[in-house]
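This briefing sets out selected features of the structure shown below, grouped by topic. Please read it alongside the sequence and the coordinates.

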Amino acid sequence: MGAELAEIEALYRQSYLRYRNALAAVTGSYESARDAVQQAFAKAVAERRRFRGEGSLAAWVWKIALREALALRVDFAEAELNGSLDPAIVEPERDVVLSAALRTLAPRRRLIVFLRYFADLSYGEIAEVVGVSEGTVAATLAQARSALKEALTEGVTIDG
Amino acid sequence: MADELAERFAALVHPPDDRNWLEVERLARALRRGRARPVVALVAAAVAAVAAVLATPALGVGGKLVRLFESGEPAPPVVEQSFAKLDAGAPPGFHTGVDPADTRKIVLPGGVALWVAPTKADGFCLYVPDGGGQCDAQRALAFWPTYSIGGRFTVDGTIASGPVFVTGSTTVQGAATVDVQFEDGDVATVPVVWISAPIDAGFFGYAVPEQHWATGHRPTLVVLRDAAGNELGRDTTAFRAPAFRHGPSTGLVPCLFRGGGESCFKAATGGDHQLPPPRGTGTFGAGRGTGS
């Protein structure tokens, strides 16, 4: 099967900011997120013959990008994070309520929210990237909305 | 509430668009060749350097790897045009493939500034303001120092004014410092600053002080070393053919003058030009990093 170079380039040009902004939640900074995106697309180009077409090209590149982002995060703060996934808004002070609401979710579910709202992926694509069912994606997003509603009505406590 | 969640995400402010597809293609080519160092490693090696990069408009770090093409200072039009001229009037087969729009500035420890631009064949061109400049269009020159005299000099060869530079590049992995040795026995050591993809090469620069402009005190040898002090390469030919204050060049003429042979053609043009076997020993050639 394989992917065409032009398809990957089009995806990059259309979606770069979505990838970068969502991955910043994983790596902890926009700079390292950019590295992850660049390296992910470079790998996608170099290995495009291996794309089997079983899912969307975007989801395939997202899987690569998440691996790159996680590796960067480990390199940046291995002692602190022990390599665990802990996505968060890079600058939480920009919306402390949203940030606090997201903190009530488990890290993997938080990633689902970021993939939905930063990356604009469909439920199906999120399910493919994260490796869960579409039902889990829907339930997670509902939980996030509920957490936000609660944070808005009951207020939040800001650490630090 | 679904809309509010979306609205709050949409309201978050992110940095400006900094996409660069050309860089992706270069990284991909490097990956296919199997010589790419993952950005993961680059970042780990350069945490301190990156902090400096983000804090300053130009780069001023030494012995570190920096992500120049993310944060480096873009070139002013006059520098871009200088690089663009390299290919504008070049005869067939003599195009360097330099990408002037991707020119970036690096300020080396000691204050020497370089402008660096990638080429389509994964090489690079560099230009030292008030000094020389050259291209290694296909990464054929493993250790490529240049001695440049930017000021006035007399007919008897006396350097009357500066700046005088020893600058250059290397693709020898592990290169960390360059010793500049003088005729009077003095030695100055300068760090090699590594620039990440799409350049993926090390650069060094030294402004020769006035006490080393006079005959008997001038630079005569450069030695490339790793972090442990082991010698990786050396060159004396740079000092036989100083560059006299010009802009970027293909590097072909000074390279040939210094005995680089066919490597010069490859470095300057990336073409398959053939040359009779060189008469002298050179310090050039892919993968050698040292000659004499």
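Predicted model: local features only at pLDDT ≥ 70, side-chain atom pairs only at ≥ 80, totals over all residues.

Chain B comprises eight helices and 15 strands. Chain A, by contrast, has seven helices and zero strands.

**Composition and burial of the chains**

- In chain B, 49% of the 292 residues count as buried.
- Contacts in chain B with a separation of 6 or more are made up, to the extent of 56%, by residues 24 or more positions apart.
- The elements of chain A, read from the N terminus, follow the order α-α-α-α-α-α-α.
- Chain A contains 160 residues, of which 46% count as buried.
- For chain A, 67% of the contacts between residues at least 6 apart in sequence join residues at least 24 apart.

- Helix 1 of chain A covers residues 5-27, and its end C-alpha atoms are only 27 Å apart.
- A straight helix of 23 residues, at 1.5 Å a residue, would span 33 Å.
- At A:Ser15, helix 1 of chain A bends by about 70°.
- The residue that follows helix 1 of chain A is A:Gly28, which has a positive phi, near 100°.

**Packing of helix 1 against helix 2 in chain A**

- Helix 2 of chain A is formed by residues 30-46, and it packs with helix 1 of chain A at an angle of about 150°, the two axes being 8 Å apart.
- Because angles over 145 degrees count as roughly antiparallel, helix 1 and helix 2 of chain A are described as roughly antiparallel to each other.
- The crossing in which helix 1 of chain A passes helix 2 of chain A is right-handed.
- On the side of helix 1 of chain A, the residues that meet helix 2 include A:Leu5, A:Ile8, A:Tyr12, A:Tyr16, A:Tyr19, A:Arg20 and A:Leu23.
- On the side of helix 2 of chain A, the residues in contact with helix 1 include A:Tyr30, A:Ala33, A:Val37, A:Phe41, A:Ala44 and A:Val45.
- In general, an α-helix has 3.6 residues a turn, so residues three or four places apart point the same way.

**Helix 6 of chain A: an enclosed element**

- Six of the eight residues of helix 6 of chain A are buried, so this helix is largely enclosed by the rest of the structure.
- The buried residues of helix 6 of chain A are A:Glu125, A:Ile126, A:Ala127, A:Glu128, A:Val129 and A:Val130.

**Exposed loop positions in chain A**

- A:Arg50 is situated in the loop between helix 2 and helix 3 (57-81) of chain A.
- With 12 other C-beta atoms within 10 Å, A:Arg50 is exposed.
- A:Arg50 and A:Ala3 are separated by 47 residues in sequence, while their C-alpha atoms are 8.0 Å apart in space.
- A:Ala106 occupies the loop between helix 4 (96-103) and helix 5 (107-117) of chain A.
- A:Ala106 has 11 other C-beta atoms within 10 Å and is exposed.
- A distance of 9.6 Å separates the C-alpha atoms of A:Ala106 and A:Thr140, which are 34 residues apart along the chain.

**Non-glycine residues with positive phi**

- A:Asp120 is not a glycine, yet it has a positive phi of about 60°.
- A:Asp120 is placed in the loop between helix 5 and helix 6 (123-130) of chain A.
- A:Asp120 counts as partly exposed, with 14 C-beta neighbours inside 10 Å.
- B:Asp200, which is likewise not a glycine, has a positive phi of about 55°.
- The loop between strand 11 (193-195) and strand 12 (201-207) of chain B holds B:Asp200.
- B:Asp200 counts as buried because it has 23 C-beta neighbours inside 10 Å, the cut-off for burial being 20 or more.

**The loop around B:Gly151**

- B:Gly151 belongs to the loop between strand 7 (143-149) and strand 8 (164-170) of chain B.
- B:Gly151 counts as partly exposed, having 14 C-beta neighbours inside 10 Å.
- Leaving aside residues up to four places away in sequence, B:Gly151 touches B:Ile159, B:Ala160, B:Ser161, B:Gly162 and B:Pro163.
- The C-alpha atoms of B:Gly151 and B:Gly131 are 8.8 Å apart in space, and the two residues are 20 residues apart in sequence.

Technical notes: Residues numbered from 1 in each chain as written. Chains lettered and ligands numbered in written order. Helix = DSSP H or I, 4+ residues; strand = E, 2+ residues; numbered from the N terminus. Expected span 1.5 Å × (residues − 1). Bend = angle between axes of the 7 residues up to and from the residue. Contact = placed C-beta atoms within 7 Å. Axes fitted to C-alpha atoms, helices over the stretch in contact; angles between N-to-C directions. Parallel < 35°, antiparallel > 145°, perpendicular 65-115°, else oblique. Left-handed = near helix turned anticlockwise from the far one by under 90°.
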